[in-house]
Amino acid sequence: QNQLSQLCVLLEDETRDYESIARVVADMGVKLTPNADQDALSACAVWMFDSLSEMPGNYSPDEFSENSPVRSIASFPQDLVMVGRAAVLIRGICAFFSIPW
């Protein structure tokens, strides 16, 4: 809970510290594929919780894109699965009704 709240606070900061965001996501237990860079961690956080912002690195918010940060994730902790599902579900509903998320 503490790490998730830290992540939300970091994502709300106007001058985003992507290194700190990546560190919190890594501390939460998200593991990257061997060829992924650290920007993938912060890009995944932006993808899940702030889809209106620009993503770090050369990542795309389109989950089906070759540049999707989701493709760089090797493992995702069980504790975050329901949080991730809820975030994606809410984002989809917001997109359907044209509500900023």
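**From a loop to a buried helix**

A: Leaving aside its neighbours within four places in sequence, Ser 65 is in contact with Ser 60 and Arg 71. Contact here means heavy atoms within 4.5 Å. This is a predicted model: local features need pLDDT of at least 70, side-chain atom pairs count only at pLDDT 80 or more, and totals for chains, interfaces and linings use all residues. Residues are numbered from 1 along each chain as its sequence is written, and side-chain values use heavy atoms, with hydrogens and water left out.

Ser 65 sits in the loop between α3 and β2. Helices (H or I, at least four residues) and strands (E, at least two) are DSSP runs, numbered from the N terminus. Is Ser 65 buried or exposed? Its relative accessible area is 16%, so Ser 65 is buried. The scale: buried is under 20% relative accessible area, exposed is over 50%, and partly exposed lies in between (1.4 Å probe, protein chains only).

Glu 63 is in the loop between α3 and β2. With a relative accessible area of 34%, Glu 63 is partly exposed. Apart from residues up to four places away in sequence, Glu 63 touches Trp 47, Ser 68 and Arg 91. Glu 63 and Trp 47 are 16 residues apart in sequence, and their C-alpha atoms are 8.7 Å apart in space. Asp 62 also lies in the loop between α3 and β2. Asp 62 has 39% relative accessibility and counts as partly exposed. From Asp 62 to Asp 37, 25 residues apart along the chain, the C-alpha separation is 18 Å.

The buried set is Ala 40, Leu 41, Ser 42, Ala 43, Cys 44, Ala 45, Val 46, Trp 47 and Met 48. What covers them? The cover includes helices α1 (2-12), α2 (18-27) and α4 (78-96), along with strands β1 (31-32) and β2 (73-75).

Take α4 first. The axes of α3 and α4 come within 8 Å and cross at roughly 55°. That makes α3 oblique to α4. Axes are lines fitted to C-alpha atoms, for helices over the stretch in contact, and angles run from 0 to 180 degrees between N-to-C directions. Angles under 35 degrees count as roughly parallel, over 145 as roughly antiparallel, 65 to 115 as roughly perpendicular, and the rest as oblique. On the α3 side, Trp 47, Met 48 and Phe 49 meet Val 83, Gly 84, Ala 87, Val 88 and Arg 91 of α4. By class, the contact of α3 with α4 has six nonpolar, one polar and one charged residues. Ala, Val, Leu, Ile, Met, Phe, Trp, Tyr, Cys and Pro count as nonpolar; Asp, Glu, Lys and Arg as charged; and the others, Gly among them, as polar.

The contact is made by Gln 3, Gln 6, Leu 7, Leu 10 and Leu 11 of α1 and by Ser 20, Ile 21, Val 24, Val 25 and Asp 27 of α2. By class, it has six nonpolar, three polar and one charged residues.

Arg 16 lies in the loop between α1 and α2. Its relative accessible area is 19%, so Arg 16 is buried. A polar atom of the Arg 16 side chain lies 2.6 Å from the backbone oxygen of Leu 11. Not counting residues up to four places away in sequence, Arg 16 touches Leu 10, Leu 11, Ile 21, Val 46, Asp 50 and Ser 53. Tyr 18 is in α2. Tyr 18 is partly exposed, at 26% relative accessible area. With residues up to four places away in sequence not counted, Tyr 18 touches Ser 42, Val 46, Glu 54 and Pro 56. Val 46 of α3 is buried, and Val 46 is a partner of Arg 16 and of Tyr 18.

Terms used:
A polar contact is a pair of N or O atoms within 3.5 Å; within protein, one must be able to donate a hydrogen and the other to accept it, and residues adjacent in sequence count only if both atoms are side-chain atoms.
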